[in-house]
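Colleague: Could you take me through this model before I start working with it? I'd like the terms spelled out as we go.

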Amino acid sequence: MQLVINGLVIGSIIAITAIGLSMIYKTLNFVNFAHGDFVAFAAYIALFANTSGMHLASAFLVAILATIVLGVFMEKVVWHPMRRKNASRTTLIIISIGLALVLRNILIFIWGGSTRNYNIPVRRGFEFFGATITPNQVLVIIAAFILVFALHCLLSRTKIGKSIRALSDNIDLARISGIDVDRVILWTWVIGLGLAAAGGVLYGLVTAIRPDMGWYLLLPMFAAVILGGIGNPYGTIAGGIIIGLSQELSTAVLPTEYKFAVSFVVMTLVLLLKPEGIFGGAK
Amino acid sequence: MIEYVDILLPYITTILLISSIYAIFSLGLNLEWGFTGLINFGHVAFLAIGAYTTVMFNMSGFPLFVSVIAGIVLSGFFGLLLGIPTLRLREDYLAIVTIGFSEVLRFILLNEQWLTRGPFGIHGFGRPLQDVIPYQHYNTFLLILYLVILVIVYFALERLVRSPWGRVLKSIREDEAVSSALGKNVFWYRLQSLMIGSAIAGLAGAMLAFYISYIDPNTFKPIETFHAWIIIILGGTASNKGTIVGALVFCTFLSVTQFINRFLPFTAHQMGAFRMIVIGLLLMILMMYKPEGIFGKKEELALSD
């Protein structure tokens with residue numbers, strides 16, 4: 001039971017952070033290896049705001065805003081010019097690796113490599129069917145639910161949401177039907193990185209904050225994206241929960257250190273057997 | 001004057017030693033990426049397999065030469081194992097799977113202590129001719145040995161990539177569909193390229209182990225793979241000569257930045273981070289403005305799809 005709860009908590013974090021990775025992957029047709037480092041960046045901004053006296057709730061918003069600003073800046077300076085040059089998928093992947101190195105080491109440069117925690121009171125967990133749940137874990141699950149619901153409304157009800165879906169479906173069709181592609185891509189970054197940032201701050205609540213926290217989240221995120229079908233946000237959410245659960249449940253039989261390997265094995269199996277993902281999506 | 005030589009000579013020897021190891025490691029990746037177009041983000045895994053196999057064979061009583069051969073063969077074999085399921089996948093999937101493979105391997109090396117001594121690492125294994133060469137000249141001897149190996153690997157690779165086999169590789173890189181329409185088994189050629197590239201990385205692993213005479217799993221972090229990527233892109237993709245020059249430039253940069261530490265108000269870990277920021281920016285800027293590298297030819301780029 002304890003493992004199931006831990007799995008759900010980690011799973012919902014993987015889910016909300018991976019949505020952005022999935023959307024960008026499909027719309028811009030490249031794997032953003034720096035996505036995990038945006039997650040870590042957000043956690044550190046929240047840490048900074050929080051330790052300089054801000055309440056964690058407002059620190060949360062500051063972190064999301066800062067991450068979005070950084071993401072939009074990168075779109076303007078790097079990704080948009082590269083798209084104009086018709087850069088290949090491979091070029092973009094290698095650039096994202098460079099960006100990942102830069103971001104992570106800026107965090108190390110400023111805050112050092114050691115683990116940090118938010119400045120919040122430690123509250124005791126309560127018993128639930130023989131398992132201990134901390135208030136922070138409850139907070140994470142509730143926040144994830146709200147974010148996913150908000151995303152659903154955005155994608156299905158608003159014009160921008162529909163344009164985002166149209167773009168990830170077929171970028172050329174979207175363009176000739178009069179959608180302002182660059183503007184919608186910008187919105188895709190805003191929503192994707194906003195969610196990633198929210199996930200990063202929440203992740204910091206349930207584990208410690210470390211510069212490589214995003215790196216270790218990257219493989220589970222890839223696994224969730226591939227499991228759910230690239231570009232399918234609902235599939236990614238389900239994939240994230242499945243990966244989170246299987247990682248935690250694996251600790252019942254395997255050493256804890258192999259958690260990471262579980263998502264790798266699941267991902268590789270899906271790639272080999274059903275590369276379009278178990279919930280459909282892009283080929 | 002004499003004193004300068006006494007300090008400078010070992011320093012230059014060290015840089016050249018590290019450069020030759022990185023050069024061979026990167027030449028393996030250059031065959032895979034530069035000539036075949038495979039995105040291998042887990043190249044460091046084969047460096048680790050080569051190093052650990054060599055060391056463990058030697059520790060269980062095999063002569064050094066046999067151990068190194070075992071390291072090379074096993075690295076190539078793991079390249080085959082990794083390639084069979086993954087080389088049919090799209091290039092970005094290959095990138096994800098290979099980087100995952102190298103991290104999972106590192107976790108296995110860290111945790112299976114009965115086999116690898118885990119985080120404590122392994123030392124006390126044999127080094128080539130260590131009983132014959134006087135200790136103070138050992139690095140000079142190693143450097144000569146490594147330069148000879150580098151020259152052999154370089155000429156072997158040059159022959160390979162200029163052979164009909166190498167031309168098929170390039171044609172696959174440029175257009176997979178055309179090569180398979182001409183009756184070439186694209187998958188098999190890619191597999192061969194990955195195997196040979198991995199075997200070369202295995203050789204570099206053995207060389208690394210002999211040089212530092214101590215290995216532990218954290219010697220083989222993913223960043224080493226990206227060092228090789230930077231070396232190749234710096235020198236010019238699909239240029240073996242460029243890769244060697246790239247390795248020399250990169251390793252000189254690494255050690256010089258350790259040197260200028262004294263003039264900058266950074267702590268040791270800040271200096272390390274600063275160096276990585278420069279490397280990351282360099283990678284981004286090269287890919288954005290000069291993807292053909294310093295010595296590469298623009299037409300040798302598999303980036304225009």
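Modeller: Let me begin with burial: a residue is buried if 20 or more other C-beta atoms lie within 10 Å of its own, exposed if 12 or fewer, and partly exposed in between, with the C-beta atoms placed from the backbone. This is a predicted model, in which local features need pLDDT of at least 70 and side-chain atom pairs count only at pLDDT 80 or more, while totals for chains, interfaces and linings use all residues. Residues are numbered from 1 along each chain as its sequence is written, and chains are lettered from A and ligands numbered from 1 in the order in which they are written.

Colleague: OK, so is Ser213(B) buried, exposed or partly exposed?

Modeller: Ser213(B) counts as partly exposed, because 15 C-beta neighbours lie inside 10 Å. Ser213(B) also has a positive phi of about 50°, although it is not a glycine.

Colleague: And where does Ser213(B) lie?

Modeller: In the loop between α9 and β2 (214–215) of chain B. Helices (H or I, at least four residues) and strands (E, at least two) are DSSP runs here, numbered from the N terminus.

Colleague: Which residue of chain A has a positive phi although it is not a glycine?

Modeller: Asn29(A) is one, with a phi of about 60°, and its place is the loop between α1 (2–28) and α2 (35–51) of chain A. Asn29(A) has 17 C-beta neighbours inside 10 Å and therefore counts as partly exposed.

Colleague: Let's zoom out. How many helices and strands are there in chain A?

Modeller: Chain A has eleven helices and two strands, and from the N terminus on its elements run α-α-α-α-β-β-α-α-α-α-α-α-α. In chain B the secondary structure comes to twelve helices and two strands, following the pattern α-α-α-α-α-β-α-α-α-α-β-α-α-α along the sequence.

Colleague: What share of each chain is buried?

Modeller: In chain B, 45% of the 305 residues count as buried, and in chain A buried residues make up 51% of the 283. As for contacts (two residues whose C-beta atoms, placed from the backbone, lie within 7 Å), residues 24 or more positions apart account for 79% of those in chain B with a separation of 6 or more, and for 78% in chain A, counted at a separation of 6 or more.

Colleague: Now the contact between the chains: how many residues does each chain give?

Modeller: Chain B gives 34 residues and chain A gives 33. On the side of chain B that touches chain A, α4 (91–111), α10 (222–235) and α12 (268–289) of chain B each supply at least two residues, and the largest share, 13 residues, comes from α12(B). By class, that side of chain B divides into 24 nonpolar, six polar and four charged residues. Ala, Val, Leu, Ile, Met, Phe, Trp, Tyr, Cys and Pro count as nonpolar, Asp, Glu, Lys and Arg as charged, and the others, Gly among them, as polar.

Colleague: Back inside chain B, at what angle do α7(B) and α9(B) cross?

Modeller: The axes of α7 (residues 164–174) and α9 (residues 186–212) of chain B come within 10 Å and cross at roughly 110°. Axes are lines fitted to C-alpha atoms, for helices over the stretch in contact, and angles run from 0 to 180 degrees between N-to-C directions. The two helices α7(B) and α9(B) are therefore roughly perpendicular to each other, a label given to angles of 65 to 115 degrees.

Colleague: Which residues make that contact between α7(B) and α9(B)?

Modeller: Val168(B), Leu169(B) and Ile172(B) come from α7(B), and Val186(B), Tyr189(B), Arg190(B) and Ser193(B) from α9(B).

Terms used
Parallel < 35°, antiparallel > 145°, perpendicular 65-115°, else oblique.
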